Amino acid sequence: MSTPATDPTTDATSPRSTGPSDRRSAVPTGSRGRPPGPVRVGLSRGWMEIRTFAREWESVIFTFSLPALILVMFASIFDGLYDMGIPTVDYYLPGIIAMGLMSVSFQTLGTAIAAEREYGTLRRLRGTPMPPSAYFVGKTVLVLFLAFGQLALLLAVAGLFFDATLPSTAQAWATIAWVLMLGTIGCSLLGIAISSLARTAQAASAVVVVPFLILQFTSGIFVPVMVLPDWVLNAASLFPLLWMAQGMRAGFFPDEMAALEQSGAWDLPMVALALGAWCVVGLVLTLLTFRWKTRKDG
């Protein structure tokens, strides 16, 4: 005896038979029956960004170890060569921390986002239900992960292998914390904005790395502030790296070392103002320039 034919449009076992309420139940929702918000989606995407980054072991090693290797070389080569008033490793540590923070924010985002735009990743993401802001939350999670990981490695190398003097007061650590946050946010926004200047992923390296390299030599990272001409420091003060390095030195150095700064003081209110201004400028530039597609895509 043959069984009656089943109409796929009415069969209860067919996916097509689901009513509106069934279809709504298949959509991921939050605890109150709503789709997850940008923060929740962004945190999930941030975890995905971290896992994707961790798969490229060459990038992991290079990103985390480069500032530590530079510190090791400077502490070994220049030890006792100049009278800086403090051990060489102590002098270079704050500046290299600032350099590392700008590297994992400005450089990493500037090159990575340019590549994602050229390869069509951004265009495909924009076509999904994901809130656009969740993409930037995910990138923020990645940058903070890289920043704190790099900082932990630098402090470990400096303390364990070179007996560096680390801050011992809560005030000093608080200074380091807010300089880290403001500087990283400002540089991240600048990295997102500058990614739109690169026409291709290959060009992004030059667009991002060249100005970053120049700033390292003019902002007191590799060359001590006291030997740089005033016009060089004045030009570098237009960008965040100099203020990040000065704020970090205020957290790590003894108070008497402030006399070696260009103004003869740490000027922490000015550091906060400059870094805060770059956060605002970076946000405005990002809103004005960010593109989900390449120019050839329209």
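Student: What makes residues 270-290 a helix span or a strand span, and how far apart are the end C-alpha atoms?

Tutor: The span is 95% helix and 0% strand, with its end C-alpha atoms 29 Å apart, where helices (H or I, at least four residues) and strands (E, at least two) are DSSP runs numbered from the N terminus. This is a predicted model, in which local features need pLDDT of at least 70 and side-chain atom pairs count only at pLDDT 80 or more, while totals for chains, interfaces and linings use all residues. Residues are numbered from 1 along each chain as its sequence is written, and side-chain values use heavy atoms, with hydrogens and water left out.

Student: Why is Ala203 called partly exposed?

Tutor: Its relative accessible area is 29%, and because buried means under 20%, exposed over 50% and partly exposed in between (1.4 Å probe, protein chains only), Ala203 is partly exposed. Ala203 is found in helix 8, residues 201-218, and its C-alpha atom is separated by 9.7 Å from that of Ala115, 88 residues apart along the chain.

Student: What makes Cys187 and Cys279 count as buried or exposed?

Tutor: Cys187 is buried, with a relative accessible area of 0%, and Cys279, at 12% relative accessibility, also counts as buried.
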